[in-house]
Amino acid sequence: MPEFQTSPGMRDVLPPESARWRRFVRTFDETVSAAGYGQVVPPLLEDIGVFHRVGEATDVVTKEMYDFVDKGERHVALRPEQTASVCRAFVQHRPATPWKVWYAGPNFRYEKPQRGRYRQFDQVGIEVLGPDDPFLDVEVIALGWRFFQMLGLRQVTLTVNSLGEPADRTAFVAALRDHFETNIERLSPESRVTLAKNPLRVLDSKRPADSDVIASAPRIADFHSETARSSFATVLDGLRALDIPFVVNERLVRGLDYYRFTTFEYVGGTLDSAQNALGGGGRYDGLVEDLGGPATPGVGFAIGLDRTLLACDDEGVFAAREQGVDVFVVDTTGGLHALTITDQLRAAGISADRAFENRSMKSQMKAADRSGATVAVIIGSDEAAAGTAVVRPLRDGGEQTSVPRSELTTTLRKVLS
Ligand code: AMP
């Protein structure tokens with residue numbers, strides 16, 4: 001065992017998996033750029049206050065943050081999520097609204113590591129600040145849905161709910177507290193602790209002991225104001241108009257405290273139930289204000305990269321691909337020709353690799369095969385003397401040809417096209 005290994009819940013991402021990660025982000029970029037979203041790159045580290053504003057009653061903020069005091073005596077934290085950072089950036093820079101942005105990158109949460117749950121995990125997401133329009137909620141939900149389709153995932157279920165206006169939510173939380181306190185002896189010890197902090201979160205409990213009390217709990221829909229009711233109906237109508245299937249889940253409250261109106265989750269069909277949320281989001285009117293900005297409605301989602309790729313593995317889609325080069329240069333004369341030819345090809349936009357250590361012809365040809373290249377360019381002493389190169393197709397059995405060095409790039413372009 002080597003002395004140093006990755007810390008618990010942290011992983012190295014090696015090729016070809018790392019290329020799959022890039023393709024994941026590129027696919028996301030293409031999906032949301034086509035809808036007018038621009039990328040925002042917030043720092044990994046923020047003043048801890050930014051995250052405290054988000055939810056002081058959530059485990060993410062109270063128990064799981066990687067926080068420390070830096071050399072300038074500032075209390076900072078590695079971001080556990082990026083919505084708060086995006087809103088902090090909005091307040092700091094005051095861009096024109098609607099501000100439509102996307103992000104991609106790692107977050108940190110000190111959780112118990114298991115399949116689909118890590119201490120460093122990546123998310124892609126979008127946020128829109130400004131418009132207060134349920135059709136925007138539909139756009140946001142639909143973009144996440146389209147992204148899963150682009151990946152090829154078929155077993156994703158969209159669940160939606162509305163937490164209503166802040167006053168609806170407050171009345172609902174009070175009724176929930178009453179209900180759970182009346183039935184406290186039937187709740188699991190864990191849920192009793194949660195109840196003291198935030199009764200909404202008790203609804204998240206998947207412990208069998210809690211299921212009866214949760215089933216008989218008050219329902220959020222009974223607390224919806226007229227505005228909340230009509231906004232939710234518009235969202236559902238919009239989803240129907242786009243033929244996006246959904247399930248209304250009245251228990252969907254989501255972990256963070258800042259949600260209002262629409263909340264939603266994309267649930268994977270193949271993962272363990274504790275880790276089957278591929279992503280989720282909702283409307284969070286109020287967060288920008290909490291961070292010191294003007295009252296600004298917001299809506300967005302975050303999708304977990306690690307977990308979504310596990311779902312892709314389970315469904316056999318969006319597989320990692322071995323990356324090859326176009327050309328492998330074999331040089332048995334010492335290696336200087338391989339140096340100049342690979343450089344010339346790369347400059348011309350043809351990917352090229354070579355062997356080192358002046359190996360034998362046989363060993364270099366083996367390396368050419370392993371490289372996945374389509375064509376080998378071979379330089380022996382005859383070719384070196386004549387100023388030519390042999391072009392040998394490696395895959396589909398075409399004839400090899402000898403070409404002047406000055407025509408090599410043109411010939412290769414033809415062979416590769
Ligand atoms: P959240 O920010 O908690 O709403 O999470 C959004 C998505 O991020 C989840 O649906 C997961 O896909 C992913 N996620 C959250 N926490 C973790 C974690 N510890 N490890 C891996 N993925 C995570």
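Q: At about what angle does α14 run to β12?
A: This helix lies across β12, β14 and β15 (388–393); helices (H or I, at least four residues) and strands (E, at least two) are DSSP runs numbered from the N terminus. Angles run from 0 to 180 degrees between N-to-C directions, with axes fitted to C-alpha atoms, for helices over the stretch in contact (heavy atoms within 4.5 Å). For α14 and β12, the angle is about 175 degrees.

Q: What kind of model is this?
A: Residues are numbered from 1 along each chain as its sequence is written, and side-chain values use heavy atoms, with hydrogens and water left out. Local features need pLDDT of at least 70, side-chain atom pairs count only at pLDDT 80 or more, and totals for chains, interfaces and linings use all residues, as this is a predicted model.

Q: How far apart are the centres of domain 1 and domain 2?
A: Domain 1 covers 17–165 + 225–315, and domain 2 covers 327–416; these bounds come from an automatic or database domain assignment. Taken over C-alpha atoms, the centres are separated by 48 Å.

Q: Which strands are at the edges of the five-strand sheet?
A: This open sheet has mixed pairing and the order β13-β12-β14-β15-β16, where two strands pair if DSSP finds at least two bridges between them. An edge strand pairs on one side only, and here the edge strands are β13 (352–354) and β16 (401–404).

Q: Which residue in β14 stands opposite Val-330?
A: Strand β12 (residues 327–331) and strand β14 (residues 375–379) are joined by five bridges, and they pair in the parallel sense. Opposite Val-330, β14 places Ile-378.

Q: Is Gln-364 buried or exposed?
A: Gln-364 sits in helix α14 (residues 361–370), and its side chain reaches the backbone oxygen of Asp-331 at 2.9 Å. Beyond its neighbours within four places in sequence, Gln-364 has contacts that include Phe-328, Val-330 and Ala-355. Buried means under 20% relative accessible area, exposed over 50%, and partly exposed in between (1.4 Å probe, protein chains only). Its relative accessibility is 2%, so Gln-364 counts as buried.

Q: Which strands stand at the edges of the eight-strand sheet?
A: The sheet is open, with mixed pairing, and runs β1-β5-β6-β11-β10-β9-β7-β8. Two of its strands have a single partner each, so one side is left without a neighbour in the sheet: β1 (38–39) and β8 (247–248).

Q: Which residue is the bridge partner of Thr-159 in β9?
A: Seven bridges link β7 and β9, which pair in the antiparallel sense. One of the residue pairs joins Thr-159 to Glu-265.

Q: What relative accessibility does Thr-31 have?
A: Thr-31 is found in helix α1, and the backbone oxygen of Thr-27 lies 2.7 Å from a polar atom of the Thr-31 side chain. Setting aside neighbours within four places in sequence, Thr-31 is in contact with Leu-143, Arg-146, Phe-147 and Met-150. Thr-31 counts as buried because its relative accessibility is 7%.

Notes:
A polar contact is a pair of N or O atoms within 3.5 Å; within protein, one must be able to donate a hydrogen and the other to accept it, and residues adjacent in sequence count only if both atoms are side-chain atoms.
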